[in-house]
Every structure is written in C-alpha cells, then in structure tokens.
Amino acid sequence: MFELNSQQLEIVKQLKLLILDVDGVLTDGRLFFDDNGKEYKCFHARDGHGIKLLRQTGVEVAVISGRKSNSVTLRMQGLGVEHVYQGHENKRVAFAEILQRLALKPEHVAYIGDDILDLPVMRQVGFAVAVQDANFAVKEHAHWQTQTAGGLGAVREICDLIMQAQGTFEGVLQTYL
C-alpha cells in the first residue's frame, strides 16, 4: 500500500469523489496541433482503467479543465465519467456545482492537479494531490504527491491509493485472478 499518515488515511477512507484536472494530469501537459489547428491529446490506458475500477467501488469521478477539447469529452464518455466541466479557468464555480449536484461536502473530495490554476480547488478539498512533475507551488499545497508524472499513470496511482485505503482494492483485484 502507498504510504499515508494516520490522518491522511482517515481522510482517504471517507472520500466519495475524485476530481481530475486534464492537461498535465490525465495527459502529460503537452498540446499537439496539426497544420489546420486540430488539437490532439494522449491519454494513458492505465489511468482510464483505474478510473473505471474506482467508479465500480462507488467513488465518483469528475473532471474540471480550464480548456475545452472534444477528445476529453470522448475519453470521459468512454470511461463513463458523467461530470465533465471544460472551459472553466475559474474552477471554483465548477467545483461548487459538482458539490451541489452530488450533495457532497468538500472534505469528502480528492482533487489531483499540476499547476496553479488547480490551487483554488485543491485548497478546499479534503485530500489534495499533486502529480510528480507538478509546479512547485502546487506540491507545497498538496497533501500527497504521486510518484508518477502526469499523463503517465499518476491518476491510476491515486485511484489505487483510494481503493487500498477504503479496503476495496482486493475485491476489484479478485475479479481478475
């Protein structure tokens, strides 16, 4: 299991929602454009599978992104993520709407981010996570940091951590053994 202190463990056991940033978290942060201006993003398969597994255990997943991208819409649809907020540079508004829609308190939410645009929400949630290659200021405000960089399996790390802390990981694993 990943290392958590006793206070962190108690918080993670109570999580009901994981909110993800996109660029730099679900992707490695690089933006690819073709000559016609069409944007491309690269998602990691392990992150996607972690999201599916986490959702199977009853923990909901949402996305808040400062940018809009059809590839994000398509990827989240494929993973069954219903709460997708794009084009929200002020992420507080989307966060408040998600809390209201799901009737959750901020302390029951984890947020994983990589840049200072994520800090307003990270500072409100019960468990703030920075990816390994996050901006230094984000790392300073995080409760926990992944060992993996954004877009390369960092989301899977937090999904596995939540499942392990909540005692659901073994049950999920058994369906594959």
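Predicted model: local features only at pLDDT ≥ 70, side-chain atom pairs only at ≥ 80, totals over all residues.
Two packed helices are described by the angle between their axes and the distance between the axes. For helix H2 (residues 45–56) and helix H3 (residues 70–79), the axes come within 10 Å and cross at roughly 45°. H2 is therefore oblique to H3. On the H2 side, the contact involves Ala-45, Gly-48, Ile-51, Lys-52 and Arg-55, which meet Arg-75, Gly-78 and Leu-79 of H3. Classified by residue type, this contact of H2 with H3 comprises 3 nonpolar, 2 polar and 3 charged residues.

In soluble globular proteins, nonpolar side chains tend to be buried together. The largest nonpolar core of the model contains 55 residues. Those with the most contacts inside this core are Leu-18, Ile-19, Leu-20, Ile-51, Phe-127 and Ile-158. Helix H7 (residues 154–165) contributes the most to the core, with 8 residues. When residues up to four places away in sequence are not counted, Ile-158 touches Leu-18, Ile-112, Phe-127, Val-129 and Trp-144.

Helix H7 also holds a charged residue, Arg-156. The relative accessible area of Arg-156 is 18%, and because buried means under 20%, Arg-156 is buried. With residues up to four places away in sequence again not counted, Arg-156 touches Arg-46, Asp-47, His-49, Gly-50 and Leu-53.

How values were computed. Residues numbered from 1 in each chain as written. Heavy atoms only, no water. Axes fitted to C-alpha atoms, helices over the stretch in contact; angles between N-to-C directions. Helix = DSSP H or I, 4+ residues; strand = E, 2+ residues; numbered from the N terminus. Parallel < 35°, antiparallel > 145°, perpendicular 65-115°, else oblique. Contact = heavy atoms within 4.5 Å. Core = buried A, V, L, I, M, F, W, Y, C linked by side-chain atoms within 4.5 Å. Buried < 20%, exposed > 50% of the residue type's maximum accessible area, 1.4 Å probe, protein only.
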